[in-house]
Amino acid sequence: MSILVNRETRLVVQGITGNEGSFHTRLMLDYGTQVVAGVTPGKGGEWVHGVPVFDTVREAVQTTGANTSIIYVPAPFAADAIMEAADAGIELIVCITEGIPVLDMMRACQFLEDTDARLIGPNCPGVITPGQAKVGIMPGHIHTPGPVGIVSRSGTLTYEVVKALTDRGLGQSTAVGIGGDPIIGTSFVDVLRMFENDPATQSIVLIGEIGGTDEEQAARFIASEVSKPVTAFIAGRTAPPGQRMGHAGAIIEGGEGTAQEKIAALEAVGIRVARHPAEVADLVAERL
Amino acid sequence: MKLHEYQSKRIFARYGLPVPQGNVATTPAEARQVAHLLGGPVVVKAQVLTGGRGKAGGIKLAKDAEETEEAARQIIGMFIKGLKVYKVLIEQATDIAQEMYMGIVVDRTHRKPIMIVSAQGGIEIEELAKNRPEMIFRLPIDPLRGLMDYQARNLAFELGLHGGLIRPFTAIARGLWRVFVENDATLAEINPLAITSEGQLIALDGKITLDDNALFRHLELNEMRDLQGETEAQRQARQADLSYVKLDGDIGCMVNGAGLAMATMDLVDLYGGRPANFLDIGGGARANKVAAALHIILADSDVKVILINIFGGITRCDEVARGLLAAMEEASTPVPPMVVRLVGANEEQGRQLLAAANVINATSLIEAAQKAVELASGQSQMQRP
């Protein structure tokens, strides 16, 4: 078992003919992901790395039975791509694109409320179930199958933690990057609930950062609903208020969203918070 | 991108929101001229992108053109929270009966814009939310359908407004919503929204923050960028598409990925060092971008040690190494000690490229941070008299 993606994942790549889309399609195929279709409006009929390209997501779904989509579409058009995927009946949409306007994302999220689709991201590295499917841009080789579920707002910081886990012999059930934007489709709480219900996940790692109150909500949820051990890491203790730290969502505003508050909220409900990425692996190992 | 008060009010006026008559000035003589044309008592307001202008002496009343000139002389050139004042806004003074608040922000949790109103304004809304939460009313807005008249009207009734104020309040709420959506704002705020002694509503102060990610479709707004308020390092970072934030330490950091960049700064701090900056080169950076990033760090005279932390994936370690070498070669000042940690895609090639260069290699993030902190403290001891 695992969550979100597995061997049954049938992936359509939106924006497959672009540089990034084509490059990562190759890497996902190499990893063993079933990439069944690509979509670029106007380029239907072409092929990319042996994958057929369609003009619309609907056509791709009808022809290939795709159930999951990954989006590499440029920011000005990405929200539309999300809505197109949902309208075509895609169940899981993973949006890699960074820099989508906030208003576009709020509209897309409102649109998704009337559909059954789940959105991961945007501005995220994607989702990987080691040994089964890689739906994202993360380096596949640092992952190994195992019992640790990971949910994170960050990209390379997650790789750092995954590498530390793998180096210690601690494999991962699924690693989910929920994205560094202020408006994202799936929250910590959503993913925590899935990990709690996933028999393959025995321990959970939560990687947060400054900005918003998603970590505080996660702390409350863990206290009441999660029975599995949770280890956390929060980046940005040294971040100054009022400054955006790379991610659009990583900003301390109106005195809200500091790392100190988030760490305190997590520790208050008994969650162990690591001081640096490598220590996450130590803390996970202690309780497995 | 934050807009100045005068810029925000110009946008407000375009959408029919009532604002005081006024204009900006960059010299005391210009200020005098503006006041003369307006006639009567005016308010002279420093235009800087920070709060607390009043307390800092950046807002003054003037009863005529002469006093305006003197007020402008005092305000232009002063520093408010470290920001220099280049412009003042001169506006007709308003006789205020009541100060209210109206703003639209992005509610991250509900993924919707939210309108916030209060019958009490003129103070920071965060402060009011903490001390008098019952004074604040919130209305989530459906971003696909927009704000309806009846919703705006309901807010007016919640605030206890009645009679002739309901219609203008509703019109202002609708106008502010249009300002928010049509300009891709992440914040549009009127504080205070005043009721004058004649019973008119007027936006006495305005604040707009635009979504940087949406500026591509608002090129006219992009021109409002405050270039005078930007440091040289910020300008270079913006042009090279780098995320850079100056901090007050002495260890210059360059990392790929925002989360990892923050974690690296935190680790430096954990070992007793102080980061000089946040710098994220993003994903898949090529050599020229890496070189631009190193140039920014090298130009910071506070930097005693440089710490490079790269976890390669779509960013390739050999590209990073090439960029570092190029920038070191072009450097006009001596390059401080540099600790480099490269892992992931093409790390071997990257290390080989740097083998001949004078850098200190580290394999783990902890080792890299410890070495950088040791070097920085050694440097400061050497420099002590």
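How many residues does the contact take from chain A and from chain B? In this predicted model, in which local features need pLDDT of at least 70, side-chain atom pairs count only at pLDDT 80 or more, and totals for chains, interfaces and linings use all residues, the contact takes 46 residues from chain A and 44 residues from chain B, two residues being in contact if their C-beta atoms, placed from the backbone, lie within 7 Å. Residues are numbered from 1 along each chain as its sequence is written, while chains are lettered from A and ligands numbered from 1 in the order in which they are written.

On the side of chain A that touches chain B, at least two residues each are supplied by α3 (75-87), α4, α5 (156-167) and α9 (277-286) of chain A, where helices (H or I, at least four residues) and strands (E, at least two) are DSSP runs numbered from the N terminus. The most is given by α4(A), with 7 residues. By residue class, this side of chain A divides into 24 nonpolar, 16 polar and 6 charged residues; Ala, Val, Leu, Ile, Met, Phe, Trp, Tyr, Cys and Pro count as nonpolar, Asp, Glu, Lys and Arg as charged, and the others, Gly among them, as polar.

Within chain A, the domain assignment gives domain 1 (11-120) and domain 2 (138-286), with bounds that come from an automatic or database assignment. Their centres, taken over C-alpha atoms, are separated by 26 Å, and the contact takes 9 residues from domain 1 of chain A and 8 residues from domain 2 of chain A. On the side of domain 1 that touches domain 2, α4 (102-112) and β7 (118-120) of chain A each supply at least two residues, and the largest share, 5 residues, comes from α4(A). The residues of this side of domain 1 divide into 8 nonpolar, no polar and 1 charged.
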